[in-house]
Amino acid sequence: MLSRTADNLYWIARYMERAETMARLLEVGARMSLLPSAHGYRNEWDSLLQASGTAGGYAQKYGQAHQRDIESYLFFDPDNPSSVASCIGKARENARIVRTALTAQVWDAINSAYQELRALEKTPRDRLDLARLIDWAMKQAAIIRGSIDTTQLRNDGWDFLNLGYYLERSDNTARLMDVKYYVLLPRVEFVGSGMDNYQWATLLRATSAHRAFHWAYGGEVTARKIADFLILNAQCPRSLITCMDGVNNHLNRLERAYGRCSRPQEVAAKLAAELQALSVEQIIEEGLHEFLTRFILEAANLSGVIFETYLSGDVR
Amino acid sequence: MYEKGRVRPPYRQLEDWTRAMPAELREMKQAEAEALFRRIGITFAVYGEGGDPDRLIPFDMFPRVFTAREWARLEKGIKQRARALNAFLVDVYGRGEIVRAGRVPGRLVYRNAAYEKAVVGFVPPKGVYSHVVGIDLVRTGPEEFFVLEDNCRTPSGVSYMLENREIMMRMFPELFRENRIEPVDSYPEKLRRTLASVAPTKCAGDPTVVLLTPGHFNSAYYEHSFLADLMGVELVEGADLFVEGEFVYMRTTEGPKRVDVIYRRIDDAFIDPLCFRPDSMLGVPGLMDVYRSGGVSICSAPGAGVADDKAVYTYVPEMIRFYLGEEPLLNNVPTWQCGREDDLKHVLSNLPELVVKEVHGSGGYGMLVGPKCTTEEIEAFRARIEADPGNYIAQPTLALSTSPTFVNEGIAPRHVDLRPYCLVGERIELVPGGLTRVALTEGSLVVNSSQGGGVKDTWVLAE
């Protein structure tokens, strides 16, 4: 397949996954802001901007963190390259470029999301509540993902779509967890308190994993269990280990289809093996934030290697 | 539709259909059609018109109909013309016999901006320069068709021919059950076969065909991706291709893959920055050398444009006689060339009755439609002609036929033209149909989409 086509497919998936994460982040923020805290809601919203890597851009445009502005910035703002609208717009543009590599149903799903988004943008903001926007974004992402799963041919294009999904999702899970780090607990005695647990539980909700978590771990919600769930539990669909398994699986499929080993395979296998060998105690010892930061860098390095090998068109 | 006050036979069933359709249903169907176009993402602009890439062209649901007999005659005439145009191209890049014989003036050929010195002496595979010839026709009477223009480079709009049909079949299946309408959907397969049939001499085995597009910012991008999709070939941009040694390759996830035939939808000037415009980012450096040494075929061939400008057009009947020894089956519109003294005199004294066009103009721009213009407009245009007579041609406003068209008040006649697409490779063929463009503004003669034109489905009825 043309390298450029593969690159566009990969980025369609990344943008759609990112759009979904932005919607999930907004949900985390909205729920956290409902909880009374020593600082009011500002810290929580601010932590969200920090975690999504959009704090700088936001500060330049709006200065102080206000819920309304943050919503606009994370959902609609074309100046924010990670906003839901920017991501869907770019996914649609990429899809338009590689329409020949998409089924009619996938194109229709992406294009319809884009057309509906245009209509939402024209709707007065006071008639759109955040919950509705979040639901809308998640639903579009699900429809697109579902169309891909049920109609796309299982060829290399499918592998590149999935590589995009898994890599972006691993990055996003890591960032979502990092929100917790940025929520500065006012005093050390809050650790393990009702408020601390509420924030962790909110994270689970944001990953649509609240019930799944209870199935896997029983009643009590603790930081340790959640970290285990979202990083090391292969049953959790958004865990880092599940994402890395997915990346490895699709790289292996490419190896078989193309009949040659690749460097991305080596890098990805190493990353997956490291995760396999880790325990949650070791992660906490290293420091959750430190671990997540390291993971995000390693995943970025892997995506760079994938680009050089398959997507840049320079392979000989 | 009407002839001597009576409905022409091919339209009889349609007349009943129209009569039976209440206005609300028609409006609903119209909205449905537009929603379909938008949803599929069909956007289109005729070659060189530019404009908003996401613009929809108005779609008229009333089809245009040809009988099998009418079509058979048109088909013959179109193929004849396409053969002559290709013979002319091979000749003017070779011995130039038509010029030597004094049948076509040399300056029109050799000083033509579209004459490509880079291919002089080169005969492309199967002797074909123009592989898709789009011939614009108008009808002036029951048996009378005139050719308005030939398009030998990269005529666009064929996606509309195919999509209009899709949408009509989806919305009005009963019409297709009741009428025996020839299908057009073999076009992409025929195009692919045509392209494969002109593979270069160095190609062994199954040729790899690609469609080269300027990219997704181009107004015809939809058409490019649509055609590539239906042909099952890669849609590439210049940066996806590179030249190494004697061949052209595309960049794939598995490494370089050789390309044999390029159906290019970019202009000559952008094909190869080493040969033409050095600032072009759209083309492939070194492509022309590979082309001339038989490593790749370019369709249509660079330089094909010399056969389709409005001044050369006047000599096409002459080409048919010269190369084929036949009489033209389709007539040219009588045309005056302002570059000739006698013609110029005639044109200047009859401006209010004439249509005057720029030789290299397209898209309904830079033209004067005499009967529709004010005295001031005519005088302003007169000055332009006098300043550069060689740049203009003039034609009479023909009594163009109209086709029934849905308008706010119901059905009304509107002027139409027709562009069938003739494929030239090892064989020469065309599907029974074409793109009918319609001037939606009452009385207007201009069917270009940039001037308020729309499109409609074109039917050829089976015997």
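This is a predicted model: local features need pLDDT of at least 70, side-chain atom pairs count only at pLDDT 80 or more; totals for chains, interfaces and linings use all residues.

Me: Why is the contact of K270(A) and E274(A) called a salt bridge?

Reply: The side chains of K270(A) and E274(A) come to 4.0 Å, N to O, and the rule asks for a side-chain nitrogen of Lys or Arg within 4 Å of a carboxyl oxygen of Asp or Glu, so the pair qualifies. The two residues are 4 apart in helix α13 (residues 263–277) of chain A, which means that about one helical turn separates them.

Me: What makes K270(A) exposed, and where does E274(A) stand?

Reply: K270(A) has a relative accessibility of 58%, and because exposed means over 50%, K270(A) counts as exposed. E274(A), with 33%, falls between the limits of 20% and 50% and is therefore partly exposed.

Me: How do you know whether D60(B) and K456(B) are buried or exposed?

Reply: Buried means under 20% relative accessible area; D60(B) has 3% and K456(B) has 1%, so both are buried. Their side chains also meet in a salt bridge at 2.8 Å, N to O. Because D60(B) lies in strand β3 (residues 59–66) and K456(B) in strand β23 (residues 453–460) of chain B, the pair ties together parts that are 396 residues apart in sequence.

Me: What makes R4(A) and D240(B) a salt bridge?

Reply: Their closest N and O atoms are 2.6 Å apart, which is within the 4 Å cut-off, and the pair therefore counts. Across the interface of chain A and chain B the rule finds 3 salt bridges, and the two chains bury about 2300 Å² between them, 42% of it on carbon and sulfur atoms.

Me: How do you know what span to expect of helix α12 of chain A?

Reply: The expected span is 1.5 Å times one less than the number of residues. For the 19 residues of α12(A), residues 240–258, this gives 27 Å, and the helix reaches 27 Å from its first C-alpha to its last, close to that expectation. Just after α12(A), G259(A) takes a positive phi of about 65°.

Me: Why are β7 and β12 of chain B called edge strands?

Reply: The open sheet runs in the order β7-β6-β11-β12, with parallel pairing, and β7 (234–236) and β12 (297–299) each pair on one side only. Strands β11 (residues 261–264) and β12 of chain B share 3 bridges, and since pairing requires at least two, they count as paired.

Conventions. Residues are numbered from 1 along each chain as its sequence is written. Chains are lettered from A and ligands numbered from 1 in the order in which they are written. Side-chain values use heavy atoms; hydrogens and water are left out. Buried area is the accessible area (1.4 Å probe) that two parts lose on being put together, summed over both. Buried means under 20% relative accessible area, exposed over 50%, partly exposed in between (1.4 Å probe, protein chains only).
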